[in-house]
Structure formats: C-alpha cells, structure tokens
Amino acid sequence: KLVRMKAHTEKPVFELYDLSSDQSEKRNLIKKDTETAAALMKIMQEAHTDSAVFPDIKPFALPDSEKR
C-alpha cells in the first residue's frame, strides 16, 4: 500500500507498507523497497485526475528514472 500525505504541498510525503505482513502499518518500507515504491508512484501519477472537490491536490513529479 502506497500512501501519499501532504498531497496539497509541492513535496508530498510517501509511505509504503506490505499489508500481507504489516496490517497495522507500523513498518514504512519506502526507503527499503524503492522499486515497488517507484512502480506504485507511477501508477498513482497515471491515475491522477484533477478535481473541483479537492482543487489543492497537485500532481507530483516522478523521479527522472521513472519517466518515459
């Protein structure tokens, strides 16, 4: 599970959890599993749509290595 916090800012904070072994979301794996984090960030970015309900939520930039 990838979580995006502070989504309304230019520098959102991400957390990554393996819910199969950490249902209580106590072990943030964002720095340990960068490949999975990057893949999920790409999916999140591609799925993003602008919203009138949440106008302050900004799309985020993917790391250069993930852009195509």
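The model is predicted: local features need pLDDT of at least 70, side-chain atom pairs count only at pLDDT 80 or more, and totals for chains, interfaces and linings use all residues. Residues are numbered from 1 along each chain as its sequence is written, and side-chain values use heavy atoms, leaving out hydrogens and water.

**Exercise 1.** Find the partner of glutamate 25 in its salt bridge (Lys or Arg side-chain nitrogen within 4 Å of an Asp or Glu carboxyl oxygen).

*Solution.* 
- Search the whole structure: one salt bridge turns up.
- Its partners are glutamate 25 and lysine 1, with the closest N and O atoms 2.7 Å apart.
- Check lysine 1: its relative accessibility is 44%, so it is partly exposed.

**Exercise 2.** List the residues of the largest nonpolar core (buried Ala, Val, Leu, Ile, Met, Phe, Trp, Tyr and Cys joined through side-chain atoms within 4.5 Å).

*Solution.* 
- Six residues qualify: Leu2, Phe14, Leu16, Ile30, Ala37 and Met41.
- Sort by element: E2 and H1 each give at least two of the core residues.

**Exercise 3.** Is isoleucine 57 buried or partly exposed, and where is it?

*Solution.* 
- Isoleucine 57 has 32% relative accessibility, so it is partly exposed.
- It sits in the segment after H1.

Conventions: Buried < 20%, exposed > 50% of the residue type's maximum accessible area, 1.4 Å probe, protein only. Helix = DSSP H or I, 4+ residues; strand = E, 2+ residues; numbered from the N terminus.
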